[in-house]
Amino acid sequence: MCGIAGIFGRPDRALLERMTQRIKHRGPDGQGTCLVGHAGLGSTRLSLLDFAGGAQPMASEGGLTLVFNGELYNHEAVRRGLEREGQPFRTRGDTEVLLHALERRGLACLEDIEGMFAFAVSDGERLTLARDAFGIKPLYYALVDGGRRLLFASELKALLVDPALPRELDRAALFEWATFRFLLGERTLFKSVRQVPPGGTLEVLLRPDGMLELRPGQHSAPRPLTLPTSEEERVALLIERLAGSVRQQHVADHPVGLFLSGGVDSSLLTALLAREGVQRLHTFSLADDAGHLDLDVSRRLAERLGTQHHEYVFSAAELLETLPRAICALEGPAEPTIVESAAPHIRHHVKAVLCGDGADELFAGYMTHATPGPWVKACAENYNRMIRTGEVPSDECASTKATLRKLVTPQSDAAREAFHQFFLEGQLTDGHLRVWDLGSMASGLEVRVPYLDKGIRDLALSLPWEQRIRGRTCKALLRAAARGVLPDSMAAEIVDRPKLAAPSAVRRTAEELNRVAGERVSAEGLTHHALHRYCASPAQRLLLDLFVYLFVGHGGEVPEGFRWKELYTGHRRELEEALEKAAPGTRAS
């Protein structure tokens with residue numbers, strides 16, 4: 001697990017060093033940079049396999065150099081295949097496996113790789129970027145100097161080190177954020193920055209005229225399965241694939257723990273690990289309320305399964321005190337979550353932790369999967385509120401409008417399928433995985449997601465709707481699997497209990513943020529503001545202003561002495577200057 005950064009086209013070593021240093025929190029175990037022809041590659045390393053032999057950047061005898069963020073869970077099988085072809089290895093780690101696989105098979109090797117990753121590889125003449133099938137690991141890039149130079153990194157903060165990167169915000173992305181509360185496709189909140197999409201590749205070549213040419217591609221598309229006809233066989237197949245994924249993702253040279261919320265998804269993972277005979281398994285429960293039911297259920301399940309259990313409870317006041325640090329960690333106008341507050345404490349016990357994210361998006365676990373209408377209606381109301389201002393150019397709202405049209409299709413099966421795909425592509429990647437990665441890696445903690453395995457994905461997407469949702473029972477097949485694995489004494493309670501908390505949805509903290517924002521943001525301020533139409537509430541205005549102040553004004557760092565509750569008083573002039581850069585030609589009043 002690492003952070004990566006780099007430059008293609010006239011690489012500057014000093015800039016590369018600064019970009020890499022900016023994300024050192026992602027890899028406290030090592031750091032390295034190198035220049036290879038037109039490419040500059042940097043890496044910070046969190047060592048989980050082969051501490052001595054896995055240093056990056058890593059070069060092959062054939063002339064390829066790789067920086068790699070992530071884990072290849074089936075690297076031993078891929079290694080054996082390469083060894084049969086005569087490929088020698090110098091290390092035990094997965095970085096060298098990926099390097100030689102790319103050298104021998106090119107990007108076609110990604111079809112056979114199971115894991116989470118974002119990497120950059122170059123022979124000095126071209127650069128290739130790639131991201132895993134689900135977008136578990138982030139990968140941002142930007143063209144600067146009129147398209148003659150490309151920057152890439154695991155985090156936006158590393159790109160902002162370069163003063164050549166424009167700070168203007170992307171109005172179309174803001175429109176999406178204001179409508180859905182997450183971004184779609186390749187956009188980021190910065191107009192000049194894009195993401196390599198989940199399952200995406202990007203080849204970058206230098207043309208004779210000095211301009212860069214970008215060639216996007218895709219890998220690891222879903223593969224339809226012919227499922228067993230009986231319910232029992234389908235349940236057995238799911239348990240087999242999930243157990244295999246958990247087994248692979250628990251492998252490391254250091255202890256690997258597990259987030260345990262007491263819900264179906266994380267409880268099933270914990271039970272599968274306990275069934276594997278894992279010793280001294282650390283489990284972690286998080287809440288912003290000491291009386292939360294999640295804590296009680298998790299505590300009793302941990303005791304029943306014999307894990308070493310830890311609870312971390314943070315008050316709403318404690319979480320709000322970290323608001324600027326949380327926004328810098330999560331790189332967006334986001335509420336503080338428990339994950340970035342708990343990560344430093346968890347890091348004392350383990351370097352990596354599993355979580356149950358992705359199960360709901362794959363297996364249709366939200367009630368909105370069964371009845372998407374109310375959720376879509378609320379998003380349409382957000383859209384219409386902005387349109388009614390009469391100030392929205394058509395190119396700003398076009399992508400959001402097209403997405404809403406797909407979601408309001410009158411055919412119920414088509415609407416559910418469109419909504420399911422929408423949540424997989426939007427909420428999972430930008431709303432959840434980004435939070436898990438950035439929130440945990442701010443403290444050098446790796447989060448792994450066993451449900452996001454290509455074999456499990458293919459199974460889930462092959463299920464007909466009646467096997468995903470039965471009446472008001474969501475993710476029906478996964479619940480049936482949990483009943484067969486969880487301890488008999490608790491199976492029914494866990495499987496049937498309603499969905500409660502998640503680290504990125506902290507109810508008490510959100511309520512307190514709304515109260516504080518209401519005190520500091522006047523009603524007049526919502527309408528007389530450079531970005532007013534994207535803010536439906538004082539809390540949204542406050543979060544967006546803090547993001548602009550911290551990222552446009554300070555490159556993603558909290559300045560010394562900054563007090564966020566004084567944003568509109570003691571820091572007002574700096575905020576106005578940042579807003580002018582973020583939205584040129586407009587002024588906050």
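At 4% relative accessibility, Glu-396 counts as buried (under 20% relative accessible area, 1.4 Å probe, protein chains only). The model is predicted: local features need pLDDT of at least 70, side-chain atom pairs count only at pLDDT 80 or more, and totals for chains, interfaces and linings use all residues. Residues are numbered from 1 along each chain as its sequence is written, and side-chain values use heavy atoms, without hydrogens and water.

Glu-396 lies in helix α15 (a DSSP run of H or I, at least four residues, numbered from the N terminus). Its side chain makes a polar contact with the side chain of Tyr-534, at 2.8 Å (N or O atoms within 3.5 Å, one able to donate a hydrogen and the other to accept it; residues adjacent in sequence count only if both atoms are side-chain atoms). Beyond four places in sequence, Glu-396 touches Arg-171, Ala-172, Phe-175, Arg-533 and Tyr-534 (heavy atoms within 4.5 Å).

Tyr-534 also belongs to the largest nonpolar core, of 73 residues (buried Ala, Val, Leu, Ile, Met, Phe, Trp, Tyr and Cys joined through side-chain atoms within 4.5 Å). Tyr-534 is among the residues with the most contacts inside this core, as are Leu-169, Phe-190, Leu-531 and Leu-542. Helix α23 (residues 538–552) gives the largest share, 11 residues. A second, separate core has 72 residues, including Ile-136, Leu-260, Val-264 and Leu-445.

Phe-190 contacts, among others, Leu-156, Leu-160, Leu-169, Phe-547 and Phe-551.

Notes:
Helix = DSSP H or I, 4+ residues; strand = E, 2+ residues; numbered from the N terminus. Buried < 20%, exposed > 50% of the residue type's maximum accessible area, 1.4 Å probe, protein only.
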